Amino acid sequence: MRFRAKRDGYVTNFMFLALLIIAAATLWPVVYELFFAPLTDWGGVVIAVLLFVASSTLIIWSWRDIEYVCTEDHLLVRGGPFRSRIPYSEITRIFETGNIFSGYRILSSRDALEIQYKTGWLGSVTISPENKETFIEEMHKRCPQLG
């Protein structure tokens with residue numbers, strides 16, 4: 001069963017602001033070189049543009065391509081190039097959280113769930129499925145230890 005990520009304006013605006021900050025930090029030197037100073041280093045301009053394209057592509061891909069997949073033996077949490085396979089037997093707790101800025105998170109909404117599990121690097125992952133109730137029901141079916 002697949003669950004799409006819920007999206008809200010707050011996280012969308014936060015990602016847009018992050019992209020603007022990255023653009024300003026990486027492209028301002030390019031604009032300055034091209035319009036206000038004699039261009040002496042094309043290599044620096046190319047590197048700055050490539051850095052901006054690579055970092056913004058990673059951010060947009062990580063934000064747009066989020067889904068949570070219940071397979072036969074594990075939960076796959078996927079956001080862009082980032083993936084986590086969480087065995088159902090390792091999940092210890094699922095609860096609602098509003099804390100979306102700390103810890104390991106693959107989400108696009110403040111309306112989030114935190115999944116705690118035994119083998120995680122940080123011990124939990126924060127996600128934002130579109131239909132939280134259905135997701136929690138599915139997790140209770142697949143994780144009998146949740147009760």
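**Notebook: salt bridges**

I looked up Asp111 and found that it forms a salt bridge with Lys6, with the closest N and O atoms 2.7 Å apart. The model I am reading is predicted.

I then checked where the two residues sit. Asp111 is in the loop between β6 (105-106) and β7 (112-117), and Lys6 is in the loop between β1 (2-4) and α1 (9-35), so the pair ties together parts that are 105 residues apart in sequence.

Next I looked up accessibility for this pair. Asp111 has 30% relative accessibility and counts as partly exposed. Lys6 is also partly exposed, its relative accessible area being 28%.

Lys132 has a relative accessible area of 5%, so I put it down as buried, which means under 20%.

I moved on to Arg78. Its side chain and that of Asp65 form a salt bridge of 2.8 Å, N to O. Arg78 lies in strand β3 (residues 74-79) and Asp65 in the loop between α2 (42-64) and β2 (66-70), so the pair ties together parts 13 residues apart in sequence. Arg78 is buried at 15% relative accessibility, whereas Asp65 is partly exposed at 22%.

What are Arg2, Asp65, Glu67 and Arg78 linked in? I found that these residues are linked in a network of salt bridges.

Last, I wrote down the count, which is eight salt bridges.

Technical notes: Residues numbered from 1 in each chain as written. Predicted model: local features only at pLDDT ≥ 70, side-chain atom pairs only at ≥ 80, totals over all residues. Heavy atoms only, no water. Salt bridge = Lys/Arg side-chain N within 4 Å of Asp/Glu carboxyl O. Helix = DSSP H or I, 4+ residues; strand = E, 2+ residues; numbered from the N terminus. Buried < 20%, exposed > 50% of the residue type's maximum accessible area, 1.4 Å probe, protein only.
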